[in-house]
Amino acid sequence: MALHRGKGLATIEYPTGMNQNGDPSQAWIKVKPDGRVDVFSGTSDIGNGSKTVQSQIVAETLGVPYDWITYDNSNTDSSPMCTGTFASRATFVAGNAVLKAARQVRERILAIASRELEIDPEDLEVADGTVSVKGTPAKSMGVDEVAGAATFVHGELLTGDGAHLNPGAAIVDPETGEVDKPPHAAISYAACAAEVEVDDETGDVRVLKLTQAYDIGRAMNPTLVEGQIEGGAVMGLGFGVLETCYPYYPSAEHRGDGMSTYHVPTMAELPEINNVLIENPSEGGPYGAKGIGEMANNAQPAAIANAIYDAVGVWVTEFPITPERVLAALDARSEPRREGRMVAFDEELSINSFSSTRTWGA
Amino acid sequence: MELTVNSVSCTVQSPPLTSLLNVLREELDITSPKAGCESGGCGACTVLVDGQPRRSCLTALCTVDGAAVVTVEGLGTPEDLSRVQQAFIHHYAAQCGFCSDGMVVAATAYVNAGGSDDTDAIREALAGHFCRCTGYVKILEAVAAAARGDELDIDSTASSANNTYVTIAGAES
């Protein structure tokens with residue numbers, strides 16, 4: 001009886017947003033007379049930072065300081081329609097909507113400034129809340145002054161709207177595999193390498209280290225990206241070795257119903273986590289962004305399962321990989337043949353045994 | 001019964017077996033302690049009772065008569081944040097924020113007790129607190145920074161050593 005170490009690798013590719021019904025997002029922006037910017041979008045921030053990232057997109061596109069932006073998604077009557085916060089779509093899909101709206105507002109700011117400064121709009125630029133003449137930065141006016149002039153001199157509202165709609169899903173030719181249109185959104189890629197220690201007496205699996213690489217398109221906000229990836233790693237660890245509503249013993253009534261029976265990873269389980277974030281800007285995303293929220297917890301369970309095989313030479317084919325399942329797999333190896341065939345999985349040991357009829361190495 | 005909550009003396013009317021969590025949230029309208037699992041498992045309701053971290057959901061009011069209770073509201077003000085609060089901001093140790101109040105209180109107890117920046121010691125001190133968003137990495141960094149007494153700028157975010165950026169050459173800017 002001993003501790004065994006092993007390493008395993010798994011990869012994930014993940015599309016951004018949905019195909020069905022175009023997956024629309026809409027946004028509306030207006031500028032107050034003092035230059036402060038109100039953004040209305042239907043994307044709820046559920047802790048993923050979408051308010052921050054979309055406000056950054058608006059600030060960057062308009063050329064105004066970030067703290068001039070108020071992002072209001074509190075009211076479904078005043079905010080335009082958005083499918084929601086899911087499918088890793090808030091930065092990519094809703095971000096594209098606010099980007100388009102912000103471009104319109106920028107054009108209107110330049111149009112008003114052009115009339116005030118008597119300079120062609122194409123010769124103007126906006127940065128840090130100031131519209132200035134290209135090459136002659138001394139000739140300038142603040143965006144707040146532009147907004148004031150729009151309101152009180154020109155009788156206009158600085159506003160813009162934007163919407164993003166995906167084309168329908170591609171149709172795949174069953175003979176050739178060819179699709180009739182290119183992918184509508186960014187595909188993100190990631191890999192996770194897990195290092196585990198398996199106790200072959202107790203079946204206990206310790207995840208020691210997760211090393212990950214993520215193709216993130218562009219880190220709109222590096223801190224938020226890191227938060228998603230680090231959080232996803234620990235969620236993946238939970239899916240891999242801890243969390244289930246259905247422990248297989250002895251029946252469904254004994255499923256986890258509280259924090260003492262449903263095991264969420266804590267700081268005690270936290271492995272060493274190292275990430276490589278690869279910035280490889282997408283074509284269709286705002287400023288090259290992709291969506292990486294939902295993919296962040298997919299590769300770890302498979303990497304852990306592969307590492308367990310590397311450590312003790314058995315495949316555990318059901319998540320989470322509890323000590324009981326590791327021991328059952330080790331037992332199956334020591335008495336591997338039933339009805340003449342090697343079994344890695346036993347119907348009696350599982351109540352959701354989709355793979356229970358599968359046999360290995362007949 | 002009498003309580004001193006965040007340095008303010010209060011006479012509370014709740015029945016003696018009411019949980020301290022309900023007294024704080026429902027009677028005193030102090031909402032930083034969160035009702036998570038309400039069975040002592042998740043740590044979101046943690047408050048300081050006479051300086052010790054306690055699960056307020058499992059603490060009956062009658063057992064803390066006369067005690068001094070401190071919640072996040074009593075640790076610092078927006079203008080004068082505590083060292084642990086500053087560290088949580090600088091290291092971005094919160095996402096949805098539900099666990100943060102309990103985490104900050106428990107980390108404050110750890111730092112006040114002279115806890116070191118040793119990773120294993122922090123993990124042991126905070127292992128009873130669930131966080132679903134952050135993966136704990138940045139919380140660990142924040143508590144270590146607070147334990148070391150780092151000078152922290154809350155207007156900037158710390159860069160973390162475990163994340164490396166690679167930009168594909170020739171990619172659009």
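How many residues does the contact take from chain B, and how many from chain A? It takes 30 residues from chain B and 28 residues from chain A, where two residues are in contact if their C-beta atoms, placed from the backbone, lie within 7 Å.

1. Basis of the note. This is a predicted model, in which local features need pLDDT of at least 70 and side-chain atom pairs count only at pLDDT 80 or more, while totals for chains, interfaces and linings use all residues. Residues are numbered from 1 along each chain as its sequence is written, and chains are lettered from A and ligands numbered from 1 in the order in which they are written.

2. Chain A in outline. Chain A contains six helices and 13 strands; helices (H or I, at least four residues) and strands (E, at least two) are DSSP runs, numbered from the N terminus. Of its 362 residues, 43% count as buried. A residue is buried if 20 or more other C-beta atoms lie within 10 Å of its own, exposed if 12 or fewer, and partly exposed in between, with C-beta atoms placed from the backbone. Among contacts in chain A with a separation of 6 or more, 72% are between residues 24 or more positions apart.

3. Domains of chain A. The domain assignment, which is automatic or from a database, gives domain 1 (3-14 + 187-349) and domain 2 (17-164) in chain A. The centres of these two domains, taken over C-alpha atoms, are separated by 41 Å. Their contact takes 14 residues from domain 1 of chain A and 15 residues from domain 2 of chain A. On the domain 1 side there are eight nonpolar, four polar and two charged residues. In these classes, Ala, Val, Leu, Ile, Met, Phe, Trp, Tyr, Cys and Pro count as nonpolar, Asp, Glu, Lys and Arg as charged, and the others, Gly among them, as polar.

4. An open sheet in chain A. Four strands of chain A form an open sheet in the order β4-β3-β2-β8, with mixed pairing. Strands β4 (69-72) and β8 of chain A are at the edges and have a single partner strand each, so one side of each is left without a neighbour in the sheet. From one strand to the next, the twist averages 15°; axes here are lines fitted to C-alpha atoms, for helices over the stretch in contact, and angles run from 0 to 180 degrees between N-to-C directions.

5. Strand β8 and its partner. Strand β2 (residues 25-31) of chain A pairs with β8(A) in the antiparallel sense over six bridges; two strands pair if DSSP finds at least two bridges between them. A:Trp28 has A:Asp161 as its bridge partner in β8(A), and A:Ala27 stands opposite A:Gly162. The covered face of β8(A) (residues 159-164) carries A:Gly160, A:Gly162 and A:His164, whereas A:Thr159, A:Asp161 and A:Ala163 lie on the uncovered face.

6. Which strand does β11 (residues 272-279) of chain A join in chain B? Five bridges join β11(A) to β6(B), and the two run parallel. In β6(B), A:Ile278 has B:Val166 as its bridge partner, and A:Asn275 has B:Asn163. Within chain A, β11(A) is also joined by seven bridges to strand β10 (residues 205-215), again in parallel. There A:Ile278 is the bridge partner of A:Asp215.

7. The chain B side of the contact. As stated above, chain B brings 30 residues to the contact. Elements supplying at least two residues each are α4 (119-126), α5 (137-148) and β6 (163-167) of chain B. Strand β6(B) gives the most, with five residues. By class, this side has 15 nonpolar, 12 polar and three charged residues.

8. The largest nonpolar core. A nonpolar core is a set of buried Ala, Val, Leu, Ile, Met, Phe, Trp, Tyr and Cys residues joined through C-beta atoms within 7 Å. The largest one has 136 residues, of which A:Val98, A:Ile109, A:Ile304, A:Ile308, B:Ala107 and B:Val143 touch the most other members. Helix α2 (residues 90-117) of chain A gives the most to this core, with 14 residues. Leaving aside residues up to four places away in sequence, B:Ala107 touches B:Val84, B:Leu126, B:Val143 and B:Ala146.

9. Domains of chain B. Chain B is assigned domain 1 (2-74) and domain 2 (76-173), whose C-alpha centres lie 24 Å apart. In their contact, 14 residues of domain 1 of chain B meet 11 residues of domain 2 of chain B.
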